[in-house]
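I opened the notebook to look up a few things in one chain. The entries follow in the order I made them.

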Amino acid sequence: MQNLIDLISDAHMNLRRKAEERWGKFGDDGMSHTETHLLARIGQGPLSISEASRLLNISRQAMQKCAVNLEERGYLLFSRRGDNRREKYMSLTERGNRFCLLTGEMKQGMEREIAALLGEER
């Protein structure tokens, strides 16, 4: 028997999968779950590799690989801040901002669909 936490987790995974499938239908680039999550987080403000790895709960090495891949595809860029020459910060390019805008609109559409099914209050 599943408890509430398991049910919410399953619903979240299904919703994420549907969002990724929808993006795949009109998106111009195959994006992984980690890549879309990273871009959404960077859309809230620049992040360092170590901050992003903690937020997304993946290793620093995996985060670095994901970020470099997104940089090569033109979604983000790296910069340094202040005197700390070891820490790189990531911010969105115009393409990355456009991706976040389009996925945000898509998510709002999905929210409206869910609200229509369940009722606005639920």
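Which residue in β3 does Phe78 stand opposite? I looked it up and found Met90. I note here that the model is predicted.

**Entry: the strands around that pair**

I traced β2 and β3 next. Strand β3 covers residues 84-92, and six bridges join β3 to β2. The two strands run antiparallel.

I then laid out the whole sheet. I find three strands in the order β1-β3-β2. The sheet is open, and the pairing is antiparallel.

**Entry: Ala19**

I moved to helix α1. The helix spans residues 4-26, and Ala19 is found in it.

Is Ala19 buried or exposed? I read a relative accessible area of 9% for Ala19. Buried means under 20%, so Ala19 counts as buried.

I asked what Ala19 touches, leaving aside neighbours within four places in sequence. I found contacts with Met106 and Met110.

I took one distance from Ala19, to Ile49. The two residues are 30 apart in sequence. From C-alpha to C-alpha, I get 25 Å in space.

**Entry: the chain as a whole**

I counted the secondary structure and got five helices and three strands. Reading along the sequence, I wrote the pattern down as α-α-β-α-α-β-β-α.

I put a box around the C-alpha atoms, taken along the principal axes. The box is roughly 50 × 35 × 25 Å.

How many residues does the protein chain have, and what percentage of them is buried? I have 122 residues, with 30% of them buried.

I noted the accessible surface at about 8,500 Å². Carbon and sulfur atoms hold 51% of that surface.

I counted 20 positive and 18 negative side chains. The centres of the two sets lie 4 Å apart.

Terms used
Residues numbered from 1 in each chain as written. Predicted model: local features only at pLDDT ≥ 70, side-chain atom pairs only at ≥ 80, totals over all residues. Heavy atoms only, no water. Helix = DSSP H or I, 4+ residues; strand = E, 2+ residues; numbered from the N terminus. Buried < 20%, exposed > 50% of the residue type's maximum accessible area, 1.4 Å probe, protein only. Contact = heavy atoms within 4.5 Å. Pairing = 2+ DSSP bridges. Areas by Shrake-Rupley, 256 points an atom, 1.4 Å probe, with all protein chains shown as cover. Lys, Arg positive; Asp, Glu negative; His and termini not counted. Charge placed at Lys NZ, Arg CZ, Asp CG, Glu CD.
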